[in-house]
Amino acid sequence: MSLALANLDAHSVGLDAELPCRKFDPDLWFADAPTELEVAKSLCGDCPLRVECLAGAVERAEPWGVWGGEIFERGAVVPRKRPRGRPRKEDVARDAVLRVEVEARLAADGLADQPRVAVRLAA
């Protein structure tokens with residue numbers, strides 16, 4: 001994960017900081033398995049650059065991976081990555097609830113209302 005666009009001085013986080021994306025296997029943040037992506041999301045929870053990482057990823061419309069504790073797919077935040085195959089009906093209903101939770105988290109981080117950042121959820 002590149003942190004070149006994050007303002008490190010604003011939060012006094014040094015380049016030698018123990019960031020999860022630098023401490024663990026970088027492939028975890030770009031895994032194909034939904035369970036591995038959930039692990040990466042949970043590791044981002046305590047990261048001091050989580051909000052900046054998420055804001056940068058939203059601004060750049062990152063094509064895929066975990067950024068700032070959220071999963072991106074085709075440039076959009078998705079609540080969870082679906083496994084291969086046709087989704088079950090209860091999965092579709094759960095995804096609708098998760099979309100609302102993702103929007104609430106983005107709003108709590110102050111990213112949903114910024115005019116330069118257009119957040120969309122993949123269908």
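Below are my entries on the helix, then on the cores.

**Ground rules.** I'm working with a predicted model, where local features need pLDDT of at least 70, side-chain atom pairs count only at pLDDT 80 or more, and totals for chains, interfaces and linings use all residues. Residues are numbered from 1 along each chain as its sequence is written, and side-chain values use heavy atoms, with hydrogens and water left out.

**Helix H4.** I took helices (H or I, at least four residues) and strands (E, at least two) as DSSP runs, numbered from the N terminus. H4 covers residues 89–108, and at 1.5 Å a residue its 20 residues should span 28 Å (1.5 Å times one less than the number of residues). I found its end C-alpha atoms 29 Å apart, which agrees.

Which residues of H4 are buried? I noted Asp 91, Asp 95, Leu 98, Val 102 and Leu 106 (buried is under 20% relative accessible area, exposed over 50%, partly exposed in between, with a 1.4 Å probe and protein chains only). They cover an arc of only 80° around the axis, so they sit on the same side of H4; the arc is that of the directions from the helix axis to the C-beta atoms. These buried residues pack against helix H3 (50–60), strand S2 (70–73) and strand S3 (76–78). On the face turned away, I listed Lys 89, Glu 90, Val 100 and Ala 108 as exposed. Just after H4, Gly 110 has a positive phi of about 75°.

**Cores.** A nonpolar core here is a set of buried Ala, Val, Leu, Ile, Met, Phe, Trp, Tyr and Cys residues joined through side-chain atoms within 4.5 Å. The largest one has 13 residues, and Leu 19, Trp 29, Leu 37, Ala 40, Val 66 and Ile 71 touch the most other members. Helix H2 (residues 34–44) gives this core its largest share, three residues.

How values were computed: Contact = heavy atoms within 4.5 Å.
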